[in-house]
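I opened this entry to work through some strands and helices one at a time. The structure is shown first, and my notes follow.

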Amino acid sequence: MMLKLLIPVLFSVSIFADVDIDQNGYILYCPCMGRFGNQADHFLGSLAFAKALNRTLALPPWVEYRFGEPKSVQVPFSHYFQLEPLLKFHRVVTMEEFMENIAPKVWPPEKRTAFCYMARGQGTDCNAKEGNPFGPFWDTFNVDFVQSEFYGPLNYDVHHQDMARKWNNRYPPQKSPVLAFTGAPASFPVQIENKDLQKFLVWTPRIVNRAIDFIRNVLPIGSFVGIHLRNGVDWTRACEHLEHSPNLFSAPQCLGYRNEFGIASQDMCFPTPDAIAKQVKFAVKEYHAKSVFVSSDNDHLIPFLTKALKRMEVTVHKLANPEPHVDLAILGRANYFIGNCISSFTAFAKRERDANGLPSGFWGFPSNRVSATKQKHEEL
């Protein structure tokens, strides 16, 4: 009887003992800015940052905000994406695995330091758990910080100024085995040097199968155009800031990081239904599409587009119960995609399509004063 009781204990100890510890250290962070599109931008930058510092990246759960929930909900990274493709680029481990099997060895509760550029909120420390989603994120893993570390004037741009070496000199893994950041160690929108890392972000079979099932069983046989519409109230307000922020949000994806391809306009940020219909009709003709798939944060314009495309005998569709990640997987498989240049959600779909050599466009771009040649250059 005693032997039966001891076997599970001995087995668990053996498994724990076999955990490999990265002597180069680890990077943790809270993906605490924005929703999925913003978090994905930050993830690519954080992955590049971890690679440059040669530390293992603990893959944080995705932070989601659900109707009726007072606090953010943390969804494991592997719920949406596979780990194996990421490991082809650099060492990663899920946050859950890190906290359960690695943290007890390298990051005990009495040595948990929060890293931030400067004091955050009230007081003289990082206040790493102040507010939502900061508090709920770290509480998911029962993490409390005992002190703060201000890393300024260092920054996250590891592609210039020999920044990785500066980080490692200031925080060698022997003294700082874990760098736990209050926010992502990355810029938004994604730095141009990190865009290609999208190819290592691969959907799980669960997401892929749902997308393929919809395409095969709901859409008519033939090519289809995928479109992304942002038209909620919050987006309307965001577009009002274009005049003072010509490179708002993900605008660099079509305008360039220095506005070399133009400046953002209301037609790009919040196109009218008529402008949308006109652009969709052109794409349908160009790609001989039999259907249009719509992803939206609010109004999918299904009745309007159905009427507009009736003479072309093209049907318009959306998921019966929209799920953003499945939407993205479907958009990534469209014969042609039209998205919102300002949106980071569109940016995710555009990067995935770029990685697979598929064509994409944007609402209202290029404008009359920006040549189609420049748009083609940006797509390349």
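I looked up how strand E6 (residues 113–116) meets E8, and I found two bridges between these parallel strands. Phe115 has Phe181 of E8 as its bridge partner. I note here that the model is a predicted one.

Next I checked the pairing of E8 with strand E1 (residues 26–29). The two are parallel and joined by four bridges. Leu28 is the residue opposite Ala180 in E8.

I then asked which residues cover the two faces of E8. Val178 and Ala180 lie on one side, Leu179 and Phe181 on the other, and all are buried.

From E8 I moved to helix H6 (residues 163–170). Its buried residues are Met163, Ala164 and Trp167. Viewed down the axis of H6, these residues fall within an arc of 105°, so they line one face of the helix. I looked up what they pack against: helix H2 (36–53) and strand E8 (178–181).

I traced five strands in the order E11-E10-E9-E12-E13, with parallel pairing.

Ile227 has Val294 in E10 as its bridge partner.

I then looked for a helix over these strands. Helix H11 (residues 273–287) lies across E9, E10, strand E12 (336–339) and E13. The angle between H11 and E12 is about 165°.

Last entry: helix H14 (residues 344–355). I compared its span with the expected one: its 12 residues reach 16 Å from first C-alpha to last, close to the 16 Å expected at 1.5 Å a residue.

I asked how many residues of H14 are buried. The count is 10 of 12, and the helix is mostly covered. Among them are Phe345, Phe348, Lys350, Arg351, Glu352 and Arg353.

I finished with the two ends of H14. At its start, a side-chain oxygen of Ser343 comes to within 3.1 Å of the backbone nitrogen of Phe345. Just after the helix, Gly357 has a positive phi of about 70°.

Terms used
Residues are numbered from 1 along each chain as its sequence is written. This is a predicted model: local features need pLDDT of at least 70, side-chain atom pairs count only at pLDDT 80 or more; totals for chains, interfaces and linings use all residues. Side-chain values use heavy atoms; hydrogens and water are left out. The expected span of a helix is 1.5 Å times one less than its number of residues. Buried means under 20% relative accessible area, exposed over 50%, partly exposed in between (1.4 Å probe, protein chains only). A polar contact is a pair of N or O atoms within 3.5 Å; within protein, one must be able to donate a hydrogen and the other to accept it, and residues adjacent in sequence count only if both atoms are side-chain atoms. Two strands pair if DSSP finds at least two bridges between them. Contact means heavy atoms within 4.5 Å. Axes are lines fitted to C-alpha atoms, for helices over the stretch in contact, and angles run from 0 to 180 degrees between N-to-C directions. The arc is that of the directions from the helix axis to the C-beta atoms.
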